[in-house]
Number of protein chains: 2
Amino acid sequence: MELEGTSIIGNGRGRRDGGESFRAANRMNGGDLPPDYVTASAGEIADAVRLAGEAAPEMARLSGRRRGELLRAIADVLEKNKAALVDRTPKETGYPEMRIHMEFARTVGQLRLFAEVAEEGSWVHARIDHGDPERKPLPKPDVRSMLRPLGPVVVFGASNFPLAISAVGNDTVAALAAGNPVVVKAHPAHPGTGEIIGLCVAEAVRSCGFPEGTFSLLFDAGIEVGQALALHPGIRAVGFTGSLGGGRALMDLAATRPDPIPVFAEMGSVNPMFLLPRALRERGAELARAFHGSLTAGTGQMCTNPGIVAAGDDPALGAFRDAVAALVRGTPAGVMLTEGIRASYERGTGRMRAWEGVEEVASGGDGGAFLFETRAERFVEDAGLHEEVFGPSTLLVLCGSAEELIRVAESMEGQLTASIHGTEEDLLENRGLVEALERRAGRLIINGFPTGVEVCHAMVHGGPYPATSDGRSTSIGTLSIERFVRRVAFQDMPDGLLPPELQEANPLGIVRIVDGKWGVRNG
Amino acid sequence: MELEGTSIIGNGRGRRDGGESFRAANRMNGGDLPPDYVTASAGEIADAVRLAGEAAPEMARLSGRRRGELLRAIADVLEKNKAALVDRTPKETGYPEMRIHMEFARTVGQLRLFAEVAEEGSWVHARIDHGDPERKPLPKPDVRSMLRPLGPVVVFGASNFPLAISAVGNDTVAALAAGNPVVVKAHPAHPGTGEIIGLCVAEAVRSCGFPEGTFSLLFDAGIEVGQALALHPGIRAVGFTGSLGGGRALMDLAATRPDPIPVFAEMGSVNPMFLLPRALRERGAELARAFHGSLTAGTGQMCTNPGIVAAGDDPALGAFRDAVAALVRGTPAGVMLTEGIRASYERGTGRMRAWEGVEEVASGGDGGAFLFETRAERFVEDAGLHEEVFGPSTLLVLCGSAEELIRVAESMEGQLTASIHGTEEDLLENRGLVEALERRAGRLIINGFPTGVEVCHAMVHGGPYPATSDGRSTSIGTLSIERFVRRVAFQDMPDGLLPPELQEANPLGIVRIVDGKWGVRNG
C-alpha cells in the first residue's frame, strides 16, 4: 500500500502542496518515517464536512443490515491489509508487533460485534404507545419513538490505541453503526497507520455503495484542524480519547458554539486499586506479579493504568510492596509513544520524587517504572497526588484503618475504573468502600486488574468527570452506539411511512416496549 | 394549609428574616397575594445541597418498589390538598380553574406512571455478559451493568405549568424515580403553588421514611439562587424549562464549572405546522378551528404552541386563512402568566407588525391573538422571523411550490415538534418534507396539533438546539428517567454483592440483555 501523506476526503485526496507538513517519528530508531503528511486546509475541512452533511440523510435511510454490511466490509479490507499495519504501526508507536496483532484482533472484532448489533436492530430501543380515539376527555394519540442518527461526527484518533481507538476505533464504529458519517482527525503520532486504515475504510465505503461522505480522514501537525472541526456548524458530536487538557479544551470550545454539541471525551484516570487484608495475606505475591503486569502493560500507557494502590499498612502489605518493588527495579525504560509523552512522564515522576511526604520505594532507573509511597492523610489532603502520571508509575497509599480506606476513596475524583482485591469476607466487611467506589467509577472490578477492557455489551468505559466529559456514556463496548443518536417520536404517522422498526407488524422482529410492556417481539 | 413564605429545607424551614422578599401577583385582579416569600440565603442553599448529598447514597440503595411507594404517596398527599391548589394556582397564573384541574390530573397521573416504571424495574437496562475463564489468549471477565442514580439534581419550576412542569413536575418525578434527591428552585411567579406542593412532597418523604434530604424547595425573587445551585459542587445535574435566554445562561454557567454537569434545558420552539394541499381542500374549515384551539390553548403560553404555519399559496389556503383570521379577530387579550410575559408578547407582536415583508392578517385587538403572513423567500432569508413570540401569535408562510415547503423546513433550527396535515397521498408526495422535519424535531405529528403532550412511554419532548440544550433526551414521558442516571459496570463481582437487578437469578424478574440477547427475563 502506497502512502501519499494527504488527507482522505470522501473518494478524493487532499492537496500535496497544502499547509504545514510533518513526518511520523520512527520510535524504533529515533529517525523519522516518510512520507511527509500535509495539514488539511480550511477548504479541505469544509469539503469533508460538506460531504458528510450530504451523506447524513442518505445514511439515515439505510437499514441496519446495510450498515452491518459496511462494518463487515471494513473488517475484511483491514484483514487484507494487515501486513501494512504490522509493518508500519510498531515503528510509529514503539509497540511490539505482538501488541499490534492483539489490537488488530480487537479492532476487527469490534467492527463485527457492532455489525451484529446494527443487523439485529433492537438497539434503537423502539417504543410504541397505541392510541385510543375514544379516550375521555381527550383522545389518546398513537406515539412511537426510536433512536435515530445524530449527523456528522468528528472522531479524534488516540495516541495509545492506534487501531482500536483511532481512525476506525470505537467511536468511529459506533457512529457508523448508528448511521452517522464520520470525519476523523488522525493522530499526528501515527499518520501512516491512520492513512492505511483510512484507505481501507474508503475502499469498503465504495464497495458497499455507501455515500461518498460516509468517511473522511484529515491530517494535522497541530490542533487547528481539530478545533475547526469541533466548531464547524455541520458537525453534530465529537468523540475524543486523550489528555484531560485536550478533552477539556474541546468541551469548552463546543460550549461556545451558537449551537452547543455533545463532546464525548475520555480523558483517563488513575484507576485506584484497593487491597483488602485477607486477599493480601492469602495471595500477596500473586497480586504483586499481576499488578506489575497491569502497571507496565503498553509501557504504562493505558487509560486504565493503575496509578494508585491503597491498602492497610500491615505486614501482608509489606510482602506485596517488596515484591512489586523488586519487579519495578527490573523494569527499565520502555519505548514510549512520543517524545512528548516521554518528556511528560519524566516531568511527572520527577515531581513525585521531590514531593513532600512521598517516598520513592523503587524505580527501574532512567525513565523506567516507578513505585512511590505516601500515607493516607497526606494523600487525602493533597489533590496534586491524585493526578495521573501517564506511564508505568504508581503510588502506594498506606492506610491506618478501614475508615481511612474509605476516606482515600472519597477524596478522589471520577475514575474510569476502581478495583478491589478481597475475599468475600473482606468485601462484606468493607461495603462502605465498595459503595464509595461505585459512586466514583464507571467500572468496579473485583479481584481483577483494570487494563484490558473487554469489548462487550455490558462494558462501561466511562466515569464521572474528569475521567470523561460526561459520565453518562461509554466509549468502549456496544453501548457506545447510544452516543451518536437522538430519539425521535412519530405521532399518528401512517404505518407505511414509519421506519420499519416502528411499524405495527414489526417486520424486523426486534425487541420493543409496547404500551409500557418490556421485551415484546411480536406486535 | 397555612403558607409561611419560607424555603423548605428537608424537614425544616428557612428563616423569615432572611434576604429580599417578594409576593406573588394576583393575576385575577392586579393585586398581590400574601404571604411575603423570602429569598433563600447562601446558608440555606448550602444546607439543602448538603442534605441532598447525604440522602443520595441512601436513596441509591432503596429499591424501585420503595421509590414507587414515595411517588404514590406524593400523589395521594397532593390529592388530599387539591383544594388548596385549586384556590391558589388560578390567582397566581391567571389560568382558569378547569385548566388547573386538567394539569392536576396530569401531575398525579405522571407520579403514578413513574411509580409503575420504578416498581417494574426494567428501566435500568441491565446487561449481563457472562465470563469465560477458559477463553484464549485471555480469560473473559464477567461484566454486568445497569443505570444508577447520578446524585443531587436541581429542578427549576416553569412559569407555564405550575403543577406538571414545576416543583413536582416531570423532572422532579424522573429524578426521584431514578433514585436522586431533588432541590427545587421554585418559580417566583407562583410561589404559593410551589409551597403547597413542596409541603405535600415533604410530608410524603417523611411518611415513607425517605432520608430528609430527598427533597428541598428554595424561593428566590431573582436568579441568584438558581445560579448558585447550578454552580454548587454538590449538584450533579440541572433540569430546566423556560426561555432560551435563561436556559442558555444555565448551560454556559454549568460549562464553566471545574466539573461540568449536564443541563437539561427545554427552551421552547415555534413548532412549525405544514399544511398539504389535499388536506387543506378536504377539511380546511375543520383545520382552521382546531388550529385556532391549539394556538390559543393556555393563552398561547405552551412550549408547543404552533408559531409558524407553512402552506402552498392556493385557493384552499385562502379559505383556511380567512377562517383562522375570523377566529383570531374574535380572540381578545387573555390573562397572561406574568406582567413580564405580557410585556414581552406586546413587544414581540409589535415587532412583527413593523417587520418589512410581513403583513398583519388579523388580530384580536389590544394584546389578543395575532395572525401574520409572509412569503417563503422572505422567511427563509430572515432568521429573525423564526424566533418564538411566546403567546397566541402565529405566522403564515406562503410557499410557491412543494420545494419551497422543504426550503422553509430546512431553514429552521431545532424544534420540539413539527406537524404535517396531509392525506396519505399528500404525505407520499412530500417525503422530502417529512424527512427534513424529522431531522429538525423531537416529535413529528401527522394530522394533529402540537399542544397537549401525552405523558407516555414513547413520548419525546425534546429536539435539537435551540429547542433544548441537548436533543438527546426528553423532559416529558417516562424516558426522562434516563436523564438522571449513569451506567455503572461491575466486573467479576460476587453475586451476593451485586444489585438485585444484576444478580444471576434475576430476583426482580426484569427484562435484561444477556450475552447480547435482548429481552431476556429468565436468567
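## Rings and strands in chain A

Phe156(A) and Phe240(A) are both buried (under 20% relative accessible area with a 1.4 Å probe, protein chains only; exposed is over 50%, partly exposed in between). This is a predicted model, where local features need pLDDT of at least 70, side-chain atom pairs count only at pLDDT 80 or more, and totals for chains, interfaces and linings use all residues. Residues are numbered from 1 along each chain as its sequence is written, chains are lettered from A and ligands numbered from 1 in written order, and side-chain values use heavy atoms, leaving out hydrogens and water.

Now for the ring pairs. Rings of Phe, Tyr and Trp (its six-membered ring) pair if their centres lie within 6.5 Å; planes under 30 degrees apart are stacked, over 60 edge-to-face, and the rest tilted. That rule gives 14 aromatic pairs over all chains, including these:

| Pair | Centre distance | Plane angle | Class |
|---|---|---|---|
| Phe22(A) and Tyr37(A) | 6.1 Å | 40° | tilted |
| Phe156(A) and Phe240(A) | 5.8 Å | 70° | edge-to-face |

Phe156(A) sits in strand β7 and Phe240(A) in strand β10 of chain A, so their pair ties together parts 84 residues apart in sequence. Strands here are DSSP runs (E, at least two residues), numbered from the N terminus, and two of them pair if DSSP finds at least two bridges between them. β7 (residues 153-156) and β10 (residues 237-241) of chain A run parallel over three bridges, with Val153(A) bridging to Ala237(A) in β10(A).

Technical notes
Helices (H or I, at least four residues) and strands (E, at least two) are DSSP runs, numbered from the N terminus.
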